[in-house]
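Me: I would like to go through a structure with you, one packing question at a time. Please start with helix packing.

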Amino acid sequence: MIISKPAIAGTVESSDALVSVEPGDGKIELTLTSSVMNQYGRQIRETVLETLERLDVKSVKINVVDKGALDCTLKARVECAVFRSCDASEKDIPWGGVIK
Amino acid sequence: MIPRPKPERFRLRRTMMFMNAQKPGLIKDAYIYGCDSIMLDLEDAVAENQKDAARFSLYHALKTIDYGDTEVIVRINGLDTPHWQEDIRVCVAGGADGIRIAKCESAQDVKTVEAATEAAEREFGVEVGRTLLMAALESPKGILNAYEICSASDRMFGVAISGGDFRKCMQTKPQPDGIDMLVARGQMLIAARAAGVQCFDTVFTNLDDMAGYEAEVRQNKAMGFDGKSLINPKQIRLVHEIFAPTEKEILQAEKIVRAYREQSAAGVGVFTVDGKMIDIAFIPGAERTLKLARACGLWEGDLV
């Protein structure tokens with residue numbers, strides 16, 4: 001998917017994450033801050049990058065503010081932000097396809 | 001991926017707790033509270049500009065979190081909104097046990113949701129007929145059409161009244177004795193029983209008024225409701241206590257069922273148990289008491 005405009009999804013409430021995306025320079029630039037950085041920083045990073053790969057996003061600046069979100073929440077927030085940036089978040093979502 | 005067993009149309013549903021599907025902190029451990037069903041809400045609890053985000057969150061929660069024996073129902077947005085079709089797709093794809101139709105007013109509303117549910121089942125390779133439906137009656141028209149709504153589909157397992165919207169339409173507010181909703185509750189119960197589906201009361205929203213809450217739950221049981229919608233885990237235990245049959249009721253039911261089997265085998269139709277006349281009309285009630293007692297962990301017989 002092509003990130004054509006900035007979009008955000010999520011909150012900074014406990015157990016959630018706030019994900020913002022904007023058009024990139026041909027690569028994936030991830031900035032991550034997390035309340036559980038020491039314990040789970042690497043895992044969060046992996047989940048975010050895997051999700052972007054699944055969505056076939058190759059160029060994006062993505063910022064994640066994690067407040068102890070489970071993997072399933074991180075995935076949901078990244079996917080929603082990406083779909084919002086493509087104006088595709090409201091209907092005909094490929095549940096069980098690239099969203100899994 | 002957590003595969004959920006095929007939903008049972010008729011199961012124990014004493015407590016159905018609402019949870020905002022958009023709040024990960026709430027839905028990740030909703031099953032620990034011990035309510036019979038959780039109701040993940042895509043409707044009023046979710047702000048208009050977060051409907052899309054709530055669906056992504058719901059999908060992954062359904063696919064990832066093991067809710068165990070807790071039934072998982074999703075409340076979808078009303079048929080007068082642009083959201084309900086995608087809501088149904090995500091419910092079915094995620095494998096929710098059932099869908100609660102908000103603001104249901106007619107059999108046609110049920111059929112509309114049923115058609116979209118079946119289409120989604122085909123799209124996502126889910127067994128056709130797996131996803132159950134229930135309807136929330138929130139308006140005078142919904143109450144007047146309760147019977148046609150209850151009997152509109154084989155997927156329907158029950159109806160619930162939604163007090164907030166209903167009282168607004170009726171220009172009233174909650175009364176301590178429940179007179180504000182007495183007729184509506186009664187009409188809905190009659191319709192549900194006539195159609196052979198379950199019936200659930202509305203939420204009690206004042207969490208500080210536990211006495212008022214208890215009075216309402218007792219009235220619910222006395223009126224014949226199957227269960228109640230809840231907004232907070234602290235409301236669960238009281239419903240389970242009040243809806244559980246008493247020891248006396250269990251013993252009595254056991255005696256009635258046993259006596260009935262013996263007497264009818266001997267060709268007797270009407271007889272007495274502890275001085276009370278008993279005939280076949282008492283048997284379904286007694287059997288129901290025993291099933292409920294077993295579900296509550298109070299009885300371990302094999303009569304039913």
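Reply: H1(A) passes H2(A) in a right-handed crossing. A crossing is right-handed if the near helix is turned clockwise from the far one by less than a right angle, and left-handed if anticlockwise. The contact draws on A:Ile44, A:Thr47, A:Val48, A:Thr51 and A:Leu52 of H1(A), facing A:Asp71, A:Leu74, A:Lys75, A:Val78 and A:Glu79 of H2(A). Contact here requires C-beta atoms, placed from the backbone, within 7 Å.

Me: What is the basis of the model and the naming?
Reply: This is a predicted model, in which local features need pLDDT of at least 70, side-chain atom pairs count only at pLDDT 80 or more, and totals for chains, interfaces and linings use all residues. Residues are numbered from 1 along each chain as its sequence is written, while chains are lettered from A and ligands numbered from 1 in the order in which they are written. Helices (H or I, at least four residues) and strands (E, at least two) are DSSP runs, numbered from the N terminus.

Me: Back to H1(A) and H2(A): at what angle do they cross?
Reply: Helix H1 of chain A covers residues 37-54, and its axis comes within 9 Å of that of H2(A), crossing at roughly 40°. Axes are lines fitted to C-alpha atoms, for helices over the stretch in contact, and angles run from 0 to 180 degrees between N-to-C directions. The two helices H1(A) and H2(A) are therefore oblique to each other. Angles under 35 degrees count as roughly parallel, over 145 as roughly antiparallel, 65 to 115 as roughly perpendicular, and the rest as oblique.

Me: Which strands does H2 of chain A lie across?
Reply: Helix H2 (residues 71-85) of chain A lies across E1 and strand E2 (17-23) of chain A, at about 30° to E2(A).

Me: And in what order do the strands of chain A run?
Reply: The four strands of chain A form an open sheet in the order E1-E2-E4-E3, with mixed pairing. Two strands pair if DSSP finds at least two bridges between them. Strand E1 (7-10) and strand E3 (28-34) of chain A are the edge strands, each pairing on one side only. On average, neighbouring strands of this sheet are turned by 10° against each other, direction ignored.

Me: In which sense do E3(A) and E4 pair, parallel or antiparallel?
Reply: E3(A) and strand E4 (residues 60-66) of chain A pair in the parallel sense, over seven bridges. A:Leu30 stands opposite A:Ile62 in E4(A).

Me: How do H2 and H3 of chain B pack?
Reply: Helix H2 (residues 51-64) and helix H3 (residues 84-94) of chain B pack at about 15°, with axes 9 Å apart. H2(B) and H3(B) are therefore roughly parallel to each other. The residues in contact include B:Leu58 and B:Leu62 of H2(B) and B:Val90 and B:Ala93 of H3(B). By class, this contact of H2(B) with H3(B) has five nonpolar, one polar and four charged residues. Ala, Val, Leu, Ile, Met, Phe, Trp, Tyr, Cys and Pro count as nonpolar, Asp, Glu, Lys and Arg as charged, and the others, Gly among them, as polar.

Me: How many residues of each chain are in the contact of chain B with chain A?
Reply: Chain B gives 17 residues and chain A gives 21 residues. On the side of chain B that touches chain A, helix H1 (24-27), H2 and H3 of chain B each give two or more residues. H2(B) supplies the largest share of that side, nine residues.

Me: Finally, which domains are assigned in chain B?
Reply: Chain B has domain 1 (15-243) and domain 2 (247-295), with bounds from an automatic or database domain assignment. Their C-alpha centres lie 34 Å apart.

Notes: Contact = placed C-beta atoms within 7 Å.
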